[in-house]
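Please look over the chain below before reading on.

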Amino acid sequence: ELYFGFPDYRETDKETWYWVKYWEEDPSSFGGTFNTIRREGKSAKMGFWLMNRTSTSFSHFAGMQGEDNMKIKDFYDEMVMNPFYRLPYYHQPQYDTNTLQKKGILFTEPPKKNKKRKVGKRVVLGSKIDYRTSEPNKYDQAMLNSYVMEEAGKTIVCSVKDRWKFVKPCLKKGIYIRGKA
């Protein structure tokens, strides 16, 4: 059950998703900065956006960082994992159930011990979601398709500008933009 009541229709929500769709389709855009008033649902929307892009795409790598190391763990647990576990079974893609998903979700087939794998049984995405600590260089050399920086305006561990210097090249493939943030 939602702790803020049942959802209701808001014109601003529709406009927000139109804006997201615009920069997702813009080949010259890295994404957007989502600033709202408190309790607007920004974290839930970012968690949904990250999970939806990753759980519906092949070979997709999504990462996230927060204002500090504990807050990103809370964001991951509350806005990514809890909604994922509540999805009906027919919307949940295949994922590695042998891990505890404490640092991320691997959308891979769980390893089978001492058994031959059956080829072509189920479609496996081969995607991954994880989160990393707040230091600027934690995604250095990663190939990101989606990235969320939760509470960027409150980051005190490092400079957001320094963090973006490491993340921005991870969203590119040569001169082309591959990922969105």
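**Strands, rings and cysteines**

Met64 has Tyr131 of strand β3 standing opposite. The model is a predicted one, in which local features need pLDDT of at least 70 and side-chain atom pairs count only at pLDDT 80 or more, while totals for chains, interfaces and linings use all residues. Residues are numbered from 1 along each chain as its sequence is written, and side-chain values use heavy atoms, with hydrogens and water left out.

Helices (H or I, at least four residues) and strands (E, at least two) are DSSP runs numbered from the N terminus. Two strands count as paired if DSSP finds at least two bridges between them. Strand β3 pairs with β1 in the parallel sense, over four bridges. Strand β2, residues 104-107, is also joined to β3 by four bridges, and these two run antiparallel. Here Phe107 has Ser127 in β3 as its bridge partner.

How enclosed is β3 by the rest of the structure? Four of its five residues are buried, so β3 is largely enclosed. Buried means under 20% relative accessible area, exposed means over 50%, and partly exposed is in between, using a 1.4 Å probe and protein chains only.

Now to the aromatic rings. A pair of aromatic rings is described by the distance of the centres and the angle of the planes. Rings of Phe, Tyr and Trp (its six-membered ring) pair if their centres lie within 6.5 Å; planes under 30 degrees apart count as stacked, over 60 as edge-to-face and the rest as tilted. By this rule there are nine aromatic pairs. The rings of Trp17 and Phe48 are edge-to-face, because their centres are 5.6 Å apart and their planes stand at 85°. This pair links distant parts of the chain, 31 residues apart: Trp17 lies in helix α1 (residues 11-25) and Phe48 in helix α2 (residues 42-55). Trp17 is partly exposed, at 29% relative accessible area, and Phe48 is partly exposed too, at 48%.

Phe61 and Tyr139 make a tilted pair, with 6.3 Å from centre to centre and 55° between the planes. Phe61 is in strand β1 (residues 61-65), and Tyr139 is 78 residues away in the loop between β3 (127-131) and β4 (146-149). Both Phe61 and Tyr139 are buried. Elsewhere, ring pairs link Trp19, Trp23, Phe34 and Trp49 into a cluster.

Last come the cysteines. A disulfide is a covalent bond between the sulfur atoms of two cysteines. With a disulfide taken as a pair of cysteine sulfur atoms within 2.5 Å, the count is zero. Cys158 is buried at 13% relative accessible area, and Cys170 is buried at 3%.
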